[in-house]
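Morning, everyone. Please look at the screen while I talk.

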Amino acid sequence: MPPLTYRPSRDDAADRSAFVTLERTGFGTTDEDTERWMAAIGPEEIRFVDAGDVTAAMGSWIEIGHTVGGRTIPAGGITAVSVGHAHRGGGIGRYLLSQMLAEAGQRGWPLVSLYASTFAFYRKVGFEIAGWSHRYKAPTAALTIPRHPDDGALRPVPIATPPFSVAPPDPALIARLAPLHAGGSGQRPGLAAAAGRFLWWRRLQAMGRGLDGVVFDGPDGAEAYCMVDCRAAAQTIGVAGWAATTARGLRAVARWLAGFRSSYDWVTWPDAPHSPLTLLLPDRGCEVENVEPVLYRVVDPAALLARRGYGAGTGGAVAIALEDADLPDNSGRYGIRVAHGEATTGARLAADESADLPQVVVGPRGFVALVTGATSAGTLALTGLLDGTPEAIAAAEGLFAGPLPGTPDRW
Ligand SMILES: CC(C)(COP(=O)(O)OP(=O)(O)OC[C@H]1O[C@@H](n2cnc3c(N)ncnc32)[C@H](O)[C@@H]1OP(=O)(O)O)[C@@H](O)C(=O)NCCC(=O)NCCS
């Protein structure tokens, strides 16, 4: 095979054409939508792999930050990974991922995350499921909920965005809505609490269609917003971006969606597992139309353990022995001690240090599933992704317990 080179896009005609071809043969995307994708990602975040003088593969970065234990961990979101059809099966995809992981380390991202078309390819380099994105579906009328005396305090302000174009969403609007995506008080793990241009495009605009929505302003600023695609599917209002940080904001979103019930039978919305909107439905609840797992890969284990939060009142201690063949510098023992929800964590232990700590042994897949709280230590032990004594498994379960992580955002 000719020598492989990983490089940023030059944003010239040849690279733009390579992106269109790789997107078409990877995902069947129309050339027109690919132009929009490229604009949303931004040429500076597009990477190519050249095999000799032929452009053979691509991948792209999006800026994102995930909530882990109530704190936001900066991450590199990966999207638009495609190896040219003539070059598949020869290790180029693996080379691309290894280069992207190295770049993530240089950029100071403890995590990278993605939605996978094939788990096997990503698991081979240490990715594992670390959250879920659900698409819920309910009869629109089911969102008709009773008024609460507090609800009059919110003022609905309509917003509309133009069809997805090369013009980015309005920065002033993004600044108003951004705090809503941190999830409010309490833990909503996995949310994309920080987001760059690409995710805002997804939340506020649609491919080739304008979106319509509303911001619910309270006395101290926005408490909720919701953008919908009125042409999502037959008889269906499709929610794009939305978030609420107060109970009255959540009720306002539900009631606003119910206002479409005379002409739309169904509403669909994206959310993490345990969408708060589902708890408002008075009668039959809703169905989950689609579930997409989100995969993460830990790039810097010490930084993740030190920067993530721990549940208030959590206490305990455990050592995690990590064996990471793809990022061998990460292999080692990490000691975590948490008292009253505050951690002295993440430190890499010397071989003989803290030998008294109960210890679990994981590879990168077990590590990320454990420390994000996506899968409990006991369940990981059942799958062979974690090894440890019952005492160590119980300690790890206590430290990393929390609601199931997930996000409404997709990239
Ligand atoms: C998925 C894709 C990127 C893989 O690229 P590739 O260059 O063929 O992959 P590699 O040759 O580097 O394979 C690396 C490993 O993953 C495995 N693998 C690759 N594709 C796989 C698949 N679809 N299913 C199962 N395993 C797969 C390989 O067998 C190899 O395993 P090994 O190291 O044990 O030999 C490529 O097939 C592609 O571009 N597909 C279309 C677009 C797409 O699905 N992109 C991913 C979007 S999330």
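A word on naming before the tour: helices (H or I, at least four residues) and strands (E, at least two) are DSSP runs, numbered from the N terminus. Residues are numbered from 1 along each chain as its sequence is written, and side-chain values use heavy atoms, with hydrogens and water left out. This is a predicted model, so local features need pLDDT of at least 70 and side-chain atom pairs count only at pLDDT 80 or more, while totals for chains, interfaces and linings use all residues.

Let's start at the ligand. Which elements supply at least two residues each of the shell around the ligand? Helix H1 (13-27), strand S4 (71-83), helix H3 (92-106) and helix H4 (119-123) do. A residue is near a molecule if one of its heavy atoms lies within 4 Å of it. There are 20 residues around the ligand, and Val81, Val83, Gly89, Gly93 and Ser117 come nearest. By type, the shell divides into nine nonpolar, eight polar and three charged residues. Here Ala, Val, Leu, Ile, Met, Phe, Trp, Tyr, Cys and Pro count as nonpolar, Asp, Glu, Lys and Arg as charged, and the others, Gly among them, as polar.

Now the polar contacts. A polar contact is a pair of N or O atoms within 3.5 Å; within protein, one must be able to donate a hydrogen and the other to accept it, and residues adjacent in sequence count only if both atoms are side-chain atoms. Val83 has a polar backbone atom 2.7 Å from an oxygen atom of the ligand. Arg94 also uses a polar backbone atom, 2.8 Å from a ligand oxygen. With Ser117 it is a polar side-chain atom, 2.6 Å from an oxygen of the ligand. Alone, the ligand exposes 900 Å², and the protein buries 68% of that. Those areas come from the Shrake-Rupley method with a 1.4 Å probe; for residues, only the protein chains shown count as cover.

Stay by H1 for a moment. Thr29 sits in the loop between H1 and helix H2 (31-41). Is Thr29 buried or exposed? Buried means under 20% relative accessible area, exposed over 50%, partly exposed in between (1.4 Å probe, protein chains only). At 16%, Thr29 counts as buried. The Thr29 side chain makes a polar contact with the side chain of Glu23, at 2.9 Å.

Next, Ser133, in strand S6 (residues 128-139). Ser133 is buried, at 0% relative accessible area. A polar atom of the Ser133 side chain lies 2.9 Å from the backbone oxygen of Thr407.

On to the strands. Two strands pair if DSSP finds at least two bridges between them. S9 (residues 211-218) and S10 (residues 221-233) run antiparallel, joined by seven bridges. They form a hairpin with two residues between them. S10 is also joined to S11 (residues 236-244), antiparallel, by six bridges.

Last stop, helix H11 (residues 390-400). Ala392, Ile393, Ala396, Leu399 and Phe400 are buried there. Why are they on the same side of H11? Because they cover an arc of only 130° around the axis. The arc is that of the directions from the helix axis to the C-beta atoms. An α-helix has 3.6 residues a turn, so residues three or four places apart point the same way. On the other side of H11, Pro390 and Glu391 are exposed.
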